[in-house]
Amino acid sequence: MRASVALALAALAALSACKREPSFDERYASAQKAIRDKAGELDRDMATRAAEASEAAPDAGGVVVDTVAGQT
(Lines give C-alpha, C1' and ligand atoms only; values in the text may rest on other atoms or scores of the structure.)
Protein backbone atom coordinates (compact mmCIF):
# COMPACT_ATOMS: atom_id res chain seq x y z
CA MET A 1 0.00 0.00 0.00
CA ARG A 2 2.74 2.43 0.96
CA ALA A 3 4.70 1.60 -2.14
CA SER A 4 1.74 2.40 -4.42
CA VAL A 5 1.12 5.70 -2.58
CA ALA A 6 4.80 6.60 -2.88
CA LEU A 7 4.75 5.68 -6.56
CA ALA A 8 1.64 7.79 -7.14
CA LEU A 9 3.21 10.75 -5.35
CA ALA A 10 6.41 10.37 -7.36
CA ALA A 11 4.44 10.27 -10.60
CA LEU A 12 2.43 13.34 -9.54
CA ALA A 13 5.62 15.20 -8.65
CA ALA A 14 7.17 14.31 -11.99
CA LEU A 15 4.12 15.52 -13.88
CA SER A 16 3.93 18.78 -11.96
CA ALA A 17 7.61 19.44 -12.68
CA CYS A 18 6.99 19.23 -16.42
CA LYS A 19 6.19 22.52 -18.05
CA ARG A 20 4.81 22.80 -21.54
CA GLU A 21 6.47 25.06 -24.06
CA PRO A 22 4.64 28.29 -24.81
CA SER A 23 2.64 28.30 -28.01
CA PHE A 24 3.53 30.45 -31.00
CA ASP A 25 0.84 32.96 -30.04
CA GLU A 26 2.16 33.19 -26.47
CA ARG A 27 5.74 33.70 -27.69
CA TYR A 28 4.55 36.29 -30.23
CA ALA A 29 2.61 38.22 -27.57
CA SER A 30 5.63 38.16 -25.27
CA ALA A 31 7.98 39.40 -27.99
CA GLN A 32 5.51 42.09 -29.02
CA LYS A 33 5.24 43.34 -25.44
CA ALA A 34 9.03 43.40 -25.08
CA ILE A 35 9.34 45.39 -28.32
CA ARG A 36 6.67 47.88 -27.23
CA ASP A 37 8.34 48.31 -23.85
CA LYS A 38 11.74 48.90 -25.46
CA ALA A 39 10.26 51.35 -28.00
CA GLY A 40 8.61 53.31 -25.18
CA GLU A 41 11.90 53.39 -23.30
CA LEU A 42 13.73 54.66 -26.39
CA ASP A 43 11.04 57.28 -27.06
CA ARG A 44 11.31 58.59 -23.49
CA ASP A 45 15.10 58.67 -23.72
CA MET A 46 15.01 60.56 -27.03
CA ALA A 47 12.46 63.05 -25.69
CA THR A 48 14.64 63.68 -22.64
CA ARG A 49 17.73 64.20 -24.79
CA ALA A 50 15.85 66.51 -27.16
CA ALA A 51 14.58 68.58 -24.24
CA GLU A 52 18.10 68.80 -22.80
CA ALA A 53 19.51 69.82 -26.18
CA SER A 54 16.88 72.52 -26.67
CA GLU A 55 17.59 73.89 -23.19
CA ALA A 56 21.33 73.90 -23.87
CA ALA A 57 21.04 75.72 -27.21
CA PRO A 58 17.72 77.61 -27.32
CA ASP A 59 19.02 80.04 -29.99
CA ALA A 60 19.54 77.29 -32.58
CA GLY A 61 15.87 77.49 -33.56
CA GLY A 62 15.66 73.81 -34.42
CA VAL A 63 18.44 74.01 -37.03
CA VAL A 64 20.80 71.07 -36.94
CA VAL A 65 24.36 71.86 -37.94
CA ASP A 66 26.60 69.08 -39.21
CA THR A 67 29.88 70.12 -37.64
CA VAL A 68 31.92 67.48 -39.43
CA ALA A 69 31.03 68.57 -42.96
CA GLY A 70 30.21 72.17 -42.01
CA GLN A 71 26.77 71.94 -43.59
CA THR A 72 23.42 73.11 -42.23
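## Terms and model

Buried means under 20% relative accessible area, exposed means over 50%, and partly exposed lies in between (1.4 Å probe, protein chains only). By that scale lysine 38, at 42% relative accessibility, is partly exposed.

The model is predicted: local features need pLDDT of at least 70, side-chain atom pairs count only at pLDDT 80 or more, and totals for chains, interfaces and linings use all residues. Residues are numbered from 1 along each chain as its sequence is written, and side-chain values use heavy atoms, with hydrogens and water left out.

## Fold and surface

The chain has two helices and zero strands. Both element types are DSSP runs, numbered from the N terminus (helices: H or I, at least four residues; strands: E, at least two). Helix α1 covers residues 2-17. Helix α2 covers residues 24-56.

Of the 72 residues in the chain, 1% are buried. The chain exposes about 6,700 Å². Carbon and sulfur atoms supply 62% of that area. Accessible areas come from the Shrake-Rupley method with a 1.4 Å probe; for residues, only the protein chains shown count as cover.

## Nonpolar patch

Met1, Val5, Leu9 and Leu12 make a nonpolar surface patch of about 470 Å². Patch residues have over 30% relative accessible area and no salt bridge; nonpolar side chains (Val, Leu, Ile, Met, Phe, Trp, Tyr) are joined within 5 Å, like charges within 9 Å. Valine 5 lies in helix α1. Its relative accessibility is 41%, so valine 5 counts as partly exposed.

Side chains of opposite charge can pair when their charged atoms come close. The structure holds four salt bridges. The criterion is a side-chain nitrogen of Lys or Arg within 4 Å of a carboxyl oxygen of Asp or Glu. Among them is the bridge between lysine 33 and aspartate 37, at 2.8 Å from N to O. These two residues are four apart in helix α2, so about one helical turn separates lysine 33 and aspartate 37. Lysine 33 is exposed at 51%. Aspartate 37 is partly exposed at 42%.

Lysine 38 and glutamate 41 also meet in a salt bridge, at 3.5 Å from N to O. Both lie in helix α2, three residues apart, about one turn of the helix. Glutamate 41 is partly exposed at 41%. Aspartate 45 bridges to arginine 49, with the closest N and O atoms 3.3 Å apart. This pair is four residues apart in helix α2, again about one turn. Aspartate 45 is partly exposed at 33%, whereas arginine 49 is exposed at 56%.
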